[in-house]
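Please keep the sequence and the structure open beside this note while you read. The points below may be taken one at a time.

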Amino acid sequence: MAAVSTRVRAAAAIALVAAVVPVWVQNAPPRRIVSLVPAISEMLFAMDGGTLLAGVSNYDHYPPEVDRLPHVGGLLDPNVERILALKPDLAVVYETQTDLTRQLERARVPVFPYVHRGLPDITQTMRALGERVGLKAAADAAAADIERRLATVRARVAGRPRPRALLVFGRERGSLRNVDASGGYGFLHDVLEIAGGSNVLGDLQRQSVVMSTEMILTRAPDVIIELHYGASLAPARLADERRVWNTLPSLPAVKTGRVHLLVGNEFVVPGPRIVTAAERFARVLHPDAWKTR
């Protein structure tokens with residue numbers, strides 16, 4: 001009788017565990033990942049995990065291999081049906097995509113929520129992602145390489161005077177209206193500091209600041225770095241857009257010809273290519289540091 005009772009209790013315990021543990025195991029290394037975050041997609045390729053990607057966002061453009069993958073929308077327009085049709089065993093979504101997260105969890109798709117604030121988050125996220133997808137050693141090595149190369153940039157400009165720099169994210173084409181610039185918070189502000197610049201808006205703890213002409217004149221930057229992404233500005237228009245700043249001839253950056261328009265997606269994706277962004281900033285802030293000796 002006691003033996004029967006023991007078997008009954010064991011069976012009940014097994015049934016309870018089966019009821020609590022879902023049929024999918026959240027911590028199992030995934031084999032089919034859908035990424036709604038371009039930075040995560042680039043991180044996976046950097047840790048030799050690109051073959052795990054089953055789908056990417058509409059805004060993934062690097063490396064070229066992502067062009068051959070199904071695209072499933074973006075931050076504001078995720079295509080849930082297409083995501084589920086790809087049968088992912090892990091979906092990487094922005095932390096703010098709460099409705100998408102609920103839908104995926106109802107479909108029993110594990111979720112890796114992505115949140116990014118400052119420069120250190122890049123390598124921290126890479127390490128966490130690598131551990132989650134079973135590529136810890138490769139992720140740790142890739143993250144360490146990024147940190148080493150950023151340290152090299154910092155060392156190369158160390159000891160030099162730090163020019164006061166204005167980092168512009170955007171403005172109205174052909175004018176200086178609605179100038180959107182980096183405040184003293186965020187990964188691009190951090191990169192500017194590593195590259196040897198002093199952010200003229202560093203005292204404002206915001207990622208972006210909309211500046212009036214009066215504010216630009218008051219802050220008086222020695223260098224202006226204006227960023228353009230992807231194909232947002234044809235090469236033929238670069239010179240024209242640079243000349244727009246000549247309407248403020250009293251600015252130190254304009255007087256000395258230190259207005260630089262840089263084009264590249266590495267400035268908008270907080271991933272492994274952030275080293276390239278740091279090097280490009282450093283080259284315009286401290287060109288002498290790259291002269292051949």
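1. The place to begin is arginine 108, which sits in the loop between α4 (98–106) and β4 (111–114) of what is a predicted model. Its phi is near 65°, a positive value in a residue other than glycine. That deserves a second look, because most residues other than glycine have a negative phi. Arginine 108 counts as partly exposed because its relative accessibility is 46%.

2. Aspartate 48 also has a positive phi in a residue other than glycine, here near 60°. This aspartate belongs to the loop between α2 (38–46) and β2 (53–56). Is aspartate 48 buried or exposed? At 67% relative accessibility aspartate 48 counts as exposed, since the cut-off for that word is over 50%. Although aspartate 48 and alanine 139 are 91 residues apart along the chain, their C-alpha atoms are separated by 8.5 Å.

3. In the loop between β2 and α3 (80–85) one finds proline 63, and the peptide bond joining tyrosine 62 to proline 63 is cis, with an omega of about -5°. For comparison, most peptide bonds are trans.

4. Helix α6 (residues 136–157) has 22 residues and spans 32 Å from its first C-alpha to its last, close to the 32 Å expected at 1.5 Å a residue. Which residues of α6 are buried? They are Ala139, Ala142, Ala143, Ile146, Leu150, Val153 and Val157. Seen down the axis of α6, these buried residues fall within an arc of 95°, so they line one face of the helix. They pack against α2, α5 (120–133), α7 (187–194) and α11 (274–285), whereas Ala137 and Ala155, on the other side of α6, are exposed. Just after the helix, glycine 159 takes a positive phi of about 85°.

5. A last caution concerns confidence. The protein chain averages a pLDDT of 89, and 89% of the residues score at least 70. Over residues 1–25, however, the pLDDT is below 50, and this stretch has 3 contacts in the model beyond near neighbours in sequence. Where pLDDT is low, the predicted coordinates should not be read in detail.

Notes: Residues numbered from 1 in each chain as written. Predicted model: local features only at pLDDT ≥ 70, side-chain atom pairs only at ≥ 80, totals over all residues. Heavy atoms only, no water. Helix = DSSP H or I, 4+ residues; strand = E, 2+ residues; numbered from the N terminus. Buried < 20%, exposed > 50% of the residue type's maximum accessible area, 1.4 Å probe, protein only. Expected span 1.5 Å × (residues − 1). Arc of directions from axis to C-beta. Contact = heavy atoms within 4.5 Å. pLDDT = per-residue confidence, 0-100.
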